[in-house]
Amino acid sequence: MKQTLLDLMRMSRICRMVLATCLGSFILVIFYFQSMFQPVMRRNPFTAEGCCRKGSKNALQELYNPTQAEFSAAAVLHQARRDQVADTCRAHSASSRKRRVLTPSDLKHLVVDEEHELIYCYVPKVACTNWKRVMMVLSSRGKYSDPMEIPSNEAHVPSNLKTLNQYSISDINHRLKSYVKFLFVREPFERLVSAYRNKFTLRYNTSFHKRYGTKIVRRYRKNATTEALQSGADVKFQEFAEYLVDPGTQREAPLNEHWQTVYSLCHPCHIHYDLVGKYETLEEDANYVLKLAGVGNSLRFPTYAKSTRTTDQMAAMFFNNISSQQQSQLYQLYKLDFLMFNYSIPSYLKLQ
């Protein structure tokens, strides 16, 4: 009996130790993210709390308190963009911060370059292939020099880039406080139509046809042919829109990253981004990031084929083929991205 009591006491002690360890890790995550979410949106990155290591300090200094004339105008612009994000987060706190705490799994889109102390949150359909190429050059220690020499499929191999979720909690906290964090955004409906065109109208994207196309055809097309049900290769934009606004879609799983909202991919109401670049001023903003990182003279952001990009006129053409109800529902889905990144409601939109 005595031995049994001793064994029970030992087990109780072990359980308390395990619980304390788990609780400590959880509190660490809460401590970091709560400290980031509230006053930090306008914080001075050079206070003792957020003091930066050599490398990122110079970049952050030039971003927040530029000493070079060429950076002054850009600093004002990017402060205005940061303020826009912060103001939107505060005004829509109930919907933008449904979750009080992020976990490492939420950080899988944040690519880390240790050499230049950069963190880039990639958003599909916003030049992310070229940005991944650039991040591979920056972090390769000389293995790569020209981003365009890296095949596009190589840029999307997960093992070729390190993401923030691969670090320990303490290392995540340190990098989020010390590194330059940036993302690039795009007019939400242009990005959405671009994703649709790329994933559902090109024959080679058979994996998307099989995974999403067949499901969409089965659910939303009356009298679908056997071929359409099997291939999923001819999804109409109206069917795609119906799939997106269907409440059951997000109950099943998070939206695919190609049409997921930016605020869900990058959590800008929970992570203080130092730079918000825009697709509309891609080269200018991208090269500004590279100048801040100290590589502007040796590395330029790749140019892109403007003739193939999805424009506002193209988006209008696709949206004219869906009902005003679907247009309103899609706007509600992407509303925070419109507001947070200062995009106007498109003139072609018929809101109910």
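Student: How close do the axes of helix α5 (residues 128-139) and α14 come, and at what angle do they cross?

Tutor: Two packed helices are described by the angle between their axes and the distance between the axes. In this predicted model, the axes of α5 and α14 come within 13 Å and cross at roughly 15°; axes are lines fitted to C-alpha atoms, for helices over the stretch in contact, and angles run from 0 to 180 degrees between N-to-C directions. The two helices are therefore roughly parallel to each other (angles under 35 degrees). The contact (heavy atoms within 4.5 Å) is made by W131, V134 and L138 of α5 and by L282, A286, V289 and L290 of α14.

Student: Why is helix α14 (residues 282-292) described as largely enclosed by the rest of the structure?

Tutor: Eight of its eleven residues are buried, so α14 is largely enclosed; buried means under 20% relative accessible area, with a 1.4 Å probe and protein chains only. Among them are D285, N287 and Y288. G294, which follows α14, has a positive phi, near 85°.

Student: Which side chain of opposite charge is nearest to R191?

Tutor: That side chain is D337, 4.7 Å away. R191, in helix α8 (residues 188-200), is buried yet has no salt bridge (a side-chain nitrogen of Lys or Arg within 4 Å of a carboxyl oxygen of Asp or Glu). Leaving aside neighbours within four places in sequence, R191 is in contact with residues including E257, H258 and W259.

Student: Which conventions apply?

Tutor: Residues are numbered from 1 along each chain as its sequence is written, and side-chain values use heavy atoms, leaving out hydrogens and water. Local features need pLDDT of at least 70, and side-chain atom pairs count only at pLDDT 80 or more, whereas totals for chains, interfaces and linings use all residues.

Notes. Helices (H or I, at least four residues) and strands (E, at least two) are DSSP runs, numbered from the N terminus. Buried means under 20% relative accessible area, exposed over 50%, partly exposed in between (1.4 Å probe, protein chains only). Lys and Arg count as positive and Asp and Glu as negative; His and the chain ends are not counted. Angles under 35 degrees count as roughly parallel, over 145 as roughly antiparallel, 65 to 115 as roughly perpendicular and the rest as oblique.
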